[in-house]
Amino acid sequence: MQDIARFLSGFRTFQKQYFCEEKEYFARLRNRQNPKALVVACCDSRVDPALLMGCEPGDIFVVRNVANLVPPYDATNGLHGVSAALEYGVRHLGVEHIIVLGHSSCGGIEALLQSGGGELGEFIGPWVGIAREAVEEIQDGFQGKPEPVRRRGCEMAAILVSIGNLLTFPWIRERIEASAMYIHGWYFDMATGELSSYLSETGTFEVLVGRCLR
Ligand SMILES: [Zn+2]
């Protein structure tokens, strides 16, 4: 129960900050939200996008799932949680940016590398399978490279799979082609603290925010 007490204490701090000390701020948000970005992030407890990017309530519309994956557009019957969130963020809230935020030491990608995901459960395998083909290509292409390099390559490849799948949604592609919305592929390295971004011009991830100098 200690953890729950800590969470409640955290909520009291939030309540004090936003409801007691900055009444107007939250009053503006009460009836509507106007986030500028939609973030597709991993469920991993260490990579909370709002925390990492210093966001306030209302700043980002967040979709989190195992390995920050976006499934391809599929209009057939099904329970499409990620697609529903994309639809709401893009078509109803009109976000200007979609950020796919991947990270190092991703358990979802690890599951795919170790066992194809299947051994971890009936849902994880098929889900991380969204990135299977891309990850296998990296594994083949990076043969002989050290394991951390291969793993990093696979984590980055999964980000590119998500970006590719985002473009299969007609109302996302339309906006990107009209330069009305932008997609970013970011990678947070937990070992170095660096944030990198995918550059389509070079086909590589380049450092956006370097490591701390001290
Ligand atoms: Zn992850």
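Colleague: Which residues have the most contacts inside the largest nonpolar core?

Modeller: The largest nonpolar core has 50 residues, and those with the most contacts inside it are Ala131, Val135 and Ala158. Helix H8 (residues 147-166) gives this core its largest share, seven residues. This is a predicted model, in which local features need pLDDT of at least 70 and side-chain atom pairs count only at pLDDT 80 or more, while totals for chains, interfaces and linings use all residues. Residues are numbered from 1 along each chain as its sequence is written.

Colleague: What makes a set of residues a nonpolar core?

Modeller: The set must consist of buried Ala, Val, Leu, Ile, Met, Phe, Trp, Tyr and Cys residues, joined through C-beta atoms within 7 Å. A residue is buried if 20 or more other C-beta atoms lie within 10 Å of its own, exposed if 12 or fewer do, and partly exposed in between, with the C-beta atoms placed from the backbone. Of the 214 residues of the protein chain, 31% count as buried.

Colleague: With which residues is Val135 in contact, leaving aside its neighbours within four places in sequence?

Modeller: Two residues are in contact if their C-beta atoms, placed from the backbone, lie within 7 Å, and Val135 has such contacts with Ile109, Leu112, Leu113, Cys154, Ala157 and Ala158.

Colleague: How do you know that the buried residues of helix H7 line one face?

Modeller: The buried residues of H7 (residues 132-141) are Ala134, Val135 and Ile138. Seen down the axis of H7, these residues fall within an arc of 100 degrees, so they line one face of the helix; the arc is that of the directions from the helix axis to the C-beta atoms. They pack against helix H5 (107-115) and H8, whereas Glu133 and Asp140, on the other side of H7, are exposed.

Colleague: How many helices and strands does the chain have, and what makes a run count as one?

Modeller: The chain has nine helices and six strands. Both are DSSP runs numbered from the N terminus, helices being H or I with at least four residues and strands being E with at least two.

Colleague: What makes strands S4 and S5 a pair?

Modeller: Two strands pair if DSSP finds at least two bridges between them, and strand S4 (residues 182-188) is joined to S5 by three bridges, running antiparallel. Trp186 has Ser197 in S5 as its bridge partner. Five bridges join S5 to strand S6 (residues 204-209), again antiparallel, and here Ser197 stands opposite Glu206.

Colleague: Why is Ala67 called buried?

Modeller: Ala67 has 30 other C-beta atoms within 10 Å, and therefore counts as buried. It is found in the loop between strand S2 (60-65) and helix H4 (81-92), and has a positive phi of about 70 degrees although it is not a glycine. Most residues other than glycine have a negative phi.

Colleague: How do you know that the radius of gyration agrees with that of a compact globule?

Modeller: For 214 residues a compact globule would have a radius of gyration near 17 Å, and the protein chain has 19 Å, which agrees. The radius is taken over C-alpha atoms, and the globule rule is 2.2 Å times the number of residues to the power 0.38.
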